[in-house]
Amino acid sequence: MAELSHAQEMKERLTPSLTGGHPSFHDVTEAVSIISEVKTHRNWYIALAITSSITGILGLMLAYLVATGIGVWGNNGPVGWGWDITNFVFWIGIGHAGTLISAILFLFRQKWRTSINRFAEAMTLFAVACAGIYPAVHVGRPWRAYWLFPMPNEFLNMWQNFRSPLLWDVFAVSTYATVSALFWYVGLIPDLATFRDRATTKGRQIAYGIASLGWRGSATHWKNYEKAYMILAGLSTPLVLSVHTIVSFDFAVSILPGWHTTIFPPYFVAGAIFSGFAMVVTLMVIARWIYKVEHLVTMTHLENMNKVILATGTIVGYAYATEFFTAWYSGNPYESYVFFVSRATGPYAWAYWSMISCNVISPQFFWFKKLRTSLPFMFVISIIVNIGMWFERFVIIATSLHRDYLPSSWGYFRPTFVDVLTFFGTFGLFLTLFVFFTRFLPIIAISEVKGMMAQNHHEAHYLDEAVAASEGKQPVGAAH
Amino acid sequence: MAEKPSIHGLVADFDSPDKLMDAIRAARKAGYSKMEAYTPFPIHGIDDAMGAKPSILGYLVLCGSATGMAIAVWLQWWTGAVAYPLVIAGKPFFALEPSIPIIFELTVLLSAFVAVFGMIGLNGLPRLHHPIFNYSGHRAITDDRFVLVIEASDREFDATGTRDFLAAHGADKLELIEA
């Protein structure tokens with residue numbers, strides 16, 4: 001009877017899985033479209049005013065930096081990389097969850113991804129936009145940042161150094177940003193056509209008409225579309241793994257104790273997914289409450305994400321332990337010094353133990369179902385996780401740099417107000433982009449949710465038959 | 001006086017994907033070959049039912065991948081070993097190992113460009129107008145309607161005969177649309 005219970009369980013899981021009840025296709029269109037069609041609420045303007053003011057601070061800080069020079073930051077020998085690279089890695093890592101949800105979970109046929117993938121992909125793009133600022137401005141003369149790309153120009157009579165991981169990073173991050181934007185747009189086209197067809201004003205008709213390119217949902221369209229979507233998912237999967245791998249090469253290919261280690265690529269990728277999922281949970285808890293889409297983004301979705309946070313948080317904890325073991329087992333005194341002195345007991349011990357508490361201990365609460373299905377609890381943990389992941393990048397950068405081999409080259413990194421306000425400002429940019437996204441674009445992938453509903457309906461039908469068959473209703477003719 | 005507009009085809013509007021699929025199979029059996037379905041989401045098995053050939057996009061993307069890979073190898077070799085050879089930390093001017101990350105990235109980049117713009121191109125987009133937009137209920141196609149159009153250029157097409165045939169297969173609404 002194992003077969004019976006399996007069929008019944010599958011049926012229970014599939015039928016209400018996505019949406020809780022049995023909404024029609026039209027209900028889905030309505031629920032998602034209405035968000036963008038209702039008259040703009042006063043609170044939206046308030047939110048925009050706040051987030052764009054914070055973005056304004058970012059603009060001012062960047063203007064000050066460009067006009068004055070990198071000296072306005074706390075970066076100084078021996079800590080040549082400070083908050084700039086910390087924040088760059090922090091933001092790029094957050095982006096990774098979006099691609100994981102949109103591409104990897106798609107290839108693994110994880111149906112629950114469908115309601116959250118649009119939102120998570122938006123998060124990827126906005127996070128990468130925030131990340132991209134740092135490498136561009138930290139070069140010192142940002143008006144020549146284009147020298148990073150192999151474009152012949154009249155000033156620089158030489159070519160880029162392709163043997164440097166920093167240049168690999170330029171290619172990895174710009175490819176990642178481009179491919180994520182393309183993938184996101186492809187997913188949006190059919191939903192933009194839905195918005196176009198529902199438009200009641202001339203402005204919306206023209207804007208969504210242009211954006212949806214004349215999409216008409218023909219079988220031929222869908223055939224090429226599904227192929228393109230599958231290929232993009234297949235391309236994005238190794239791409240997302242490569243991006244944080246290459247970001248980790250920025251450190252691992254150097255010969256600095258604490259950085260020169262082969263564990264970095266998997267450790268960075270796990271950390272990126274960890275922080276990214278935490279950010280999706282933070283934003284989703286807020287968004288499903290504001291936009292009343294609790295029936296599309298259910299507790300199952302949030303619980304699944306919390307499970308991913310638990311798994312990746314544990315992997316990250318394991319990586320921290322491995323680093324210590326390797327430092328001890330290698331017998332390399334410099335490596336041991338970084339871990340046992342600089343990190344665990346030295347001047348940055350406060351940052352190190354903050355990181356451990358936030359990243360290793362806090363997600364362990366998600367072993368308990370009661371806690372991982374509690375909205376306030378997951379909200380708090382998701383924020384703690386991102387604080388912890390910020391500290392991870394800061395610890396890696398500062399502890400390896402602050403004490404050079406000669407004690408005369410020892411220092412301690414202190415951020416300036418420009419460092420702090422620039423980082424604060426990037427949150428403004430991130431949130432401003434979100435405020436626009438939730439107002440003007442479909443925040444849930446309408447056509448994908450409908451496709452999933454149709455598929456579930458079919459599977460439920462087959463499972464009905466399977467349940468009936470295993471309950472002993474013999475096929476006609478075999479009974480006697 | 002304007003000429004009487006020609007007819008693009010007959011629209012049959014269904015309320016479920018299953019009815020649409022049944023109608024497509026029946027229409028194929030009845031000898032119709034020039035038809036197109038319009039749906040709010042991709043329907044599994046519809047291409048087989050309509051006898052459509054698989055998308056050629058995959059092959060185009062493969063060309064994009066090969067191009068990206070070739071550009072990356074050439075770029076790194078030519079700039080580093082030919083145009084401006086510069087000794088950096090005693091490393092070779094060109095070697096495969098440090099070139100792998102950029103080879104990978106450019107391969108993915110070019111493939112993605114071809115996948116997206118290839119899809120848009122194969123679908124004949126962007127396009128300002130199409131006869132399906134002459135159908136009075138076309139706006140519901142991106143919501144919850146499943147539409148089959150049998151084109152007037154089909155040899156079997158006959159305004160009344162085709163209408164009766166589709167009505168018999170559960171169409172809620174039938175309408176001739178202008179080309």
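Guide: In this structure, 51 residues of chain B are in contact with 48 residues of chain A; two residues are in contact if their C-beta atoms, placed from the backbone, lie within 7 Å. This is a predicted model, in which local features need pLDDT of at least 70 and side-chain atom pairs count only at pLDDT 80 or more, while totals for chains, interfaces and linings use all residues. Residues are numbered from 1 along each chain as its sequence is written, and chains are lettered from A and ligands numbered from 1 in the order in which they are written.

Visitor: Why is Ala49(B) called partly exposed?

Guide: A residue is buried if 20 or more other C-beta atoms lie within 10 Å of its own, exposed if 12 or fewer, and partly exposed in between; the C-beta atoms are placed from the backbone. Ala49(B) has 18 other C-beta atoms within 10 Å and is therefore partly exposed. Ala49(B) belongs to helix α2 (residues 46-50) of chain B. Leaving aside residues up to four places away in sequence, Ala49(B) touches Met21(B), Ile24(B), Arg25(B) and Arg28(B).

Visitor: What makes Ser33(B) partly exposed?

Guide: Ser33(B) has 14 C-beta neighbours inside 10 Å, so Ser33(B) counts as partly exposed. Ser33(B) is found in the loop between α1 (17-29) and β2 (35-38) of chain B.

Visitor: How do you know that the span of helix α3 of chain B agrees with its number of residues?

Guide: The expected span of a helix is 1.5 Å times one less than its number of residues. Helix α3 (residues 57-83) of chain B has 27 residues and should therefore span 39 Å; its end C-alpha atoms are 36 Å apart, which agrees. A kink of about 25° in α3(B) is centred on Trp77(B), the bend at a residue being the angle between axes fitted to the seven residues ending there and the seven starting there.

Visitor: What covers the buried residues of α3(B)?

Guide: The cover includes α8 (219-252) of chain A together with α4 (100-122) of chain B. Among the buried residues of α3(B) are Leu60(B), Val61(B), Gly64(B) and Gly68(B).

Visitor: What makes strand β3 of chain B mostly covered, and how is β3(B) paired?

Guide: Five of the six residues of strand β3 (residues 146-151) of chain B are buried. Two strands pair if DSSP finds at least two bridges between them. Strand β1 (residues 7-14) of chain B pairs with β3(B) in the antiparallel sense over six bridges, and β2(B) pairs with β3(B) in the antiparallel sense over four bridges. Phe14(B) stands opposite Phe146(B), and Met35(B) has Ile150(B) as its bridge partner.

Visitor: How many residues has the largest nonpolar core?

Guide: A nonpolar core is a set of buried Ala, Val, Leu, Ile, Met, Phe, Trp, Tyr and Cys residues joined through C-beta atoms within 7 Å. The largest has 170 residues, and those with the most contacts inside it include Val280(A), Ala115(B) and Leu148(B). The largest share of this core, 17 residues, comes from α8(A).

Methods
Helices (H or I, at least four residues) and strands (E, at least two) are DSSP runs, numbered from the N terminus.
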